[in-house]
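Please read these notes with the model open beside you.

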Amino acid sequence: MSETNAPSLSEAGFDLATVDRLLSTTRAVRRRLDYDRPVPRDVLLDCIRLSQQAPTGTNAQHWRWVVIDDPGKKKALGEIYARGLPMLDESAKTARDAQTADVYRHARTLAERMGETPVLVIPCLEGRLEAPDSLVLATTWYGSIYPAVWSFQLALRSRGLGSTFTTMHLAFEEDARRVLDLPEDVVQTAMLPVGYTLGTDFKRTERPAPETITHWNGWNA
Ligand SMILES: Cc1cc2nc3c(=O)[nH]c(=O)nc-3n(C[C@H](O)[C@H](O)[C@H](O)COP(=O)(O)O)c2cc1C
């Protein structure tokens with residue numbers, strides 16, 4: 001490779017073109033999952049290992065990952081997830097723009113095939129939040145899993161796998177708990193259908209300009 005083709009490294013030594021592509025093209029993958037290709041467990045463990053570098057409040061590291069690749073359990077979880085379809089259809093009626101309407105349409109497609117996904121990953125927190133109405137406790141508690149979940153999803157994407165962050169099954173938390181054999185004090189926080197993607201050329205999506213959502217030195221300054 002000639003010098004002119006060498007990737008330009010940031011001051012911190014990162015190839016920004018690659019890092020920015022990863023951060024801007026990790027999409028919710030619903031229609032382009034390869035439902036037939038198995039996902040090796042060691043790939044999932046690599047991604048979980050990377051996710052463990054994420055922050056947690058009080059350094060609690062109370063994350064737990066329940067990974068389901070048993071067809072019977074996946075089917076049961078898929079059926080539980082699909083019970084949320086009326087909720088989804090109700091929300092779809094008030095989609096605020098075409099992009100959001102598409103999201104609901106694709107979410108419906110995923111809901112119908114959830115149980116066929118190669119792997120269902122349920123990130124959990126060990127321990128229950130005792131005062132869910134305390135803002136500081138709630139943000140510290142649930143804020144301790146979602147950075148790790150996103151790192152996990154980015155790690156998947158970098159390895160040719162895709163996922164979608166979903167929460168719909170939490171409306172039926174107790175039924176899912178029984179399928180997962182979870183102890184009472186372990187809380188589910190999401191369900192990620194995971195599989196290899198069909199193709200890897202995912203694109204950036206439209207988002208508002210950062211200037212329109214950023215407030216310098218206070219809301220009204
Ligand atoms: C808190 C949260 C809950 C979500 N719940 C669901 C869900 O239940 N089902 C689903 O299909 N997608 C769900 N999503 C995914 C979003 O709908 C997704 O980010 C949106 O479709 C935008 O797609 P993109 O990430 O590819 O831009 C959820 C995302 C977040 C952050």
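1. Basis of the model. This is a predicted model, in which local features need pLDDT of at least 70 and side-chain atom pairs count only at pLDDT 80 or more, while totals for chains, interfaces and linings use all residues. Residues are numbered from 1 along each chain as its sequence is written, and side-chain values use heavy atoms, with hydrogens and water left out.

2. Surroundings of the ligand. The ligand is surrounded by 13 residues, where a residue counts as near if one of its heavy atoms lies within 4 Å of the molecule. The closest of these residues are Ala 28, Arg 30, Tyr 81, Phe 165 and Arg 207. By class, the shell holds 7 nonpolar, 3 polar and 3 charged residues; here Ala, Val, Leu, Ile, Met, Phe, Trp, Tyr, Cys and Pro count as nonpolar, Asp, Glu, Lys and Arg as charged, and the others, Gly among them, as polar. Helix 5 (residues 98-113) provides the largest share of the shell, 3 residues, a helix being a DSSP run of H or I with at least four residues, numbered from the N terminus.

3. Which side chain has an N or O atom 2.9 Å from a nitrogen atom of the ligand? It is the side chain of Arg 30, whereas Arg 207 places a side-chain N or O atom 2.9 Å from an oxygen atom of the ligand. Met 168 takes part through its backbone, a polar atom of which is 3.1 Å from a ligand oxygen. Taken alone, the ligand exposes 630 Å², and the protein buries 64% of that, with areas from the Shrake-Rupley method and a 1.4 Å probe.

4. The largest pocket. The ligand takes up the space of the largest pocket, whose volume is about 1200 Å³. A pocket is found on a 1 Å grid over the protein atoms alone, as an open set of points with protein on both sides within 12 Å along at least five of seven lines, and its lining residues have an atom within 4 Å of a point. There are 35 lining residues, and those closest to the centre of the pocket are Arg 27, Ala 28, Arg 30, Val 103 and Arg 207. Helix 5 gives the most to this lining, with 8 residues, and the lining divides into 13 nonpolar, 11 polar and 11 charged residues.

5. The second largest pocket. This pocket has a volume of about 150 Å³, and its lining includes Thr 18, Arg 21, Arg 157 and Gly 160. Helix 1 (16-25) supplies the largest share of the lining, 4 residues. By class, the lining has 1 nonpolar, 5 polar and 2 charged residues.

6. The cavity. How many cavities of 30 Å³ or more does a search of the whole structure find? The search finds 1, a cavity being a set of grid points where a 1.4 Å probe fits but cannot get out. The largest cavity has a volume of about 40 Å³, and among the residues lining it are Thr 26, Gln 153, Arg 157 and Phe 202. Strand 3 (161-163) gives the most to this lining, with 3 residues, a strand being a DSSP run of E with at least two residues. The lining has 3 nonpolar, 5 polar and 2 charged residues.

Notes:
Polar contact = N/O pair within 3.5 Å; in protein donor to acceptor, adjacent residues only side chain to side chain. Sits in = over half its atoms within 2 Å of the grid points. Points joined across faces, edges and corners; volume = space filled by probe spheres on them.
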